[in-house]
Every structure is written in structure tokens, then in C-alpha cells.
Amino acid sequence: MKCETKRGKLEEIKTELLAIGVYQTKKTPENLKKIDEKLEKAITDVFEKKEFSGELKQIKLIGTLGKIGPKNILLVGLGKKEDLTNETLRRLSGQTAIFVRDFCGISEYTTDLYKVEIKNTKQEQKIDAVV
């Protein structure tokens with residue numbers, strides 16, 4: 001399994017699957033608005049239909065139909081922002097890798113999970129947790 005982190009706009013990254021961490025919320029997060037627009041409100045739709053809310057360990061796979069760089073988007077529920085720890089991030093990253101491998105049949109993917117905010121946690125610690 002190969003997991004990559006890449007710099008650049010999420011909607012432009014060429015990858016089979018992009019895993020994006022989402023805190024618990026009732027609407028499309030600000031960092032996904034551009035992707036949502038390009039996907040003709042597909043992300044807004046999953047929130048409105050209550051198919052995804054960002055609850056801890058919740059996942060939602062969205063095909064992009066070639067409208068953006070990633071072929072698929074995997075929303076990964078981070079739970080409540082104040083409850084997220086580095087250990088939780090480590091476990092979520094592992095569960096994401098297993099899901100991508102076993103259910104999507106993909107051996108390489110890109111993630112932004114290392115970018116999430118965790119109180120009193122350095123960037124290096126988050127990167128270690130994700131990889």
C-alpha cells in the first residue's frame with residue numbers, strides 16, 4: 001500500500017483516490033467548497049441527505065466522474081474537533097488504508113489527513129501518525 005501526501009490544490013491533484021478528513025458538521029466544510037462546486041454539489045448532497053456528517057470513523061466514497069484531478073474522493077469522519085487526538089488520527093489513517101485496499105481495490109492513494117488540527121500536536125507528529 002502506498003499513501004502519498006502532495007502539495008497543491010486538492011481538486012487538481014492527479015490520484016486514484018483522495019482521502020480527506022472532515023470534522024463532524026451538518027454542512028459542507030469550507031475547505032471542500034471548491035471541490036463541491038466542481039462536482040455539481042455532490043458533497044453538499046451527501047450532507048443534506050444525511051449520508052455523511054463527519055462522525056468519528058464514518059466514511060463516504062464519492063466518484064468524481066473526471067470533473068477534478070482525483071478520480072474518487074473519500075470523506076473520512078474525524079468526529080468532534082475538540083476530541084481528536086494523535087492516537088485517534090493514527091487509527092483513522094490505518095482504517096482508511098484498509099478500506100481503500102479492501103473495498104476500493106486501490107493500492108495507491110493520496111491523503112490530507114496530516115493537515116488536520118489537533119491541539120498541542122506538531123506537524124511532524126501528525127505526519128508520523130498518518131504514515
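Let me start with E40, which is exposed, at a relative accessible area of 59%. Exposed means over 50%, buried means under 20%, and partly exposed is in between (1.4 Å probe, protein chains only). This is a predicted model, where local features need pLDDT of at least 70, side-chain atom pairs count only at pLDDT 80 or more, and totals for chains, interfaces and linings use all residues. Residues are numbered from 1 along each chain as its sequence is written, and side-chain values use heavy atoms, with hydrogens and water left out.

Back to E40. It sits in the loop between α1 (33-38) and α2 (42-48). Helices (H or I, at least four residues) and strands (E, at least two) are DSSP runs, numbered from the N terminus. E40 is not a glycine, yet its phi is positive, about 55 degrees. Most residues other than glycine have a negative phi. K50 also has a positive phi, about 60 degrees, and is not a glycine either. Its place is the loop between α2 and β3 (59-63). K50 counts as exposed, at 73% relative accessibility.

Next, a buried loop residue. L84 lies in the loop between β4 (72-79) and α3. Why does L84 count as buried? Because its relative accessibility is 5%. Leaving aside residues up to four places away in sequence, L84 touches Y23, L78, L89, L92, V116, E117 and I118. Contact here means heavy atoms within 4.5 Å. Take I118: it is 34 residues from L84 in sequence, but the two C-alpha atoms are 6.2 Å apart in space.

Now K81. Its charged end sits over the ring of Y23, 5.6 Å from the ring centre. The test is NZ of Lys or CZ of Arg within 6 Å of the ring centre and within 35 degrees of the ring normal. K81 also forms a salt bridge with E117, with the closest N and O atoms 3.4 Å apart. K81 is in the loop between β4 and α3, and E117 is in the loop between β5 and α4, so the pair ties together parts 36 residues apart in sequence. At 42% relative accessibility, K81 counts as partly exposed.

How many salt bridges does a search of the whole structure find? It finds 9. The rule is a side-chain nitrogen of Lys or Arg within 4 Å of a carboxyl oxygen of Asp or Glu. One of them joins E30 and K33, at 4.0 Å, N to O. E30 is exposed at 64%, while K33 is partly exposed at 32%. R101 and D102 meet at 2.7 Å, N to O. Both are partly exposed: R101 at 46%, D102 at 45%. There is also a network: salt bridges with shared partners join E87, R90 and R91.

On to the aromatics. The structure holds 2 aromatic pairs. One of them is F47 with F52, edge-to-face, 5.6 Å centre to centre and 85 degrees between the planes. Rings of Phe, Tyr and Trp (its six-membered ring) pair if their centres lie within 6.5 Å; under 30 degrees is stacked, over 60 edge-to-face, the rest tilted. F47 and F52 are buried.

Last, helix α4, residues 123-130. Its buried residues include K126, A129 and V130. They cover an arc of only 95 degrees around the axis, so they lie on the same side of α4. That arc is taken from the directions from helix axis to C-beta atoms. E124 and D128, on the other side, are exposed. Among the elements covering the buried residues are α3 (86-104) and β5 (108-111).
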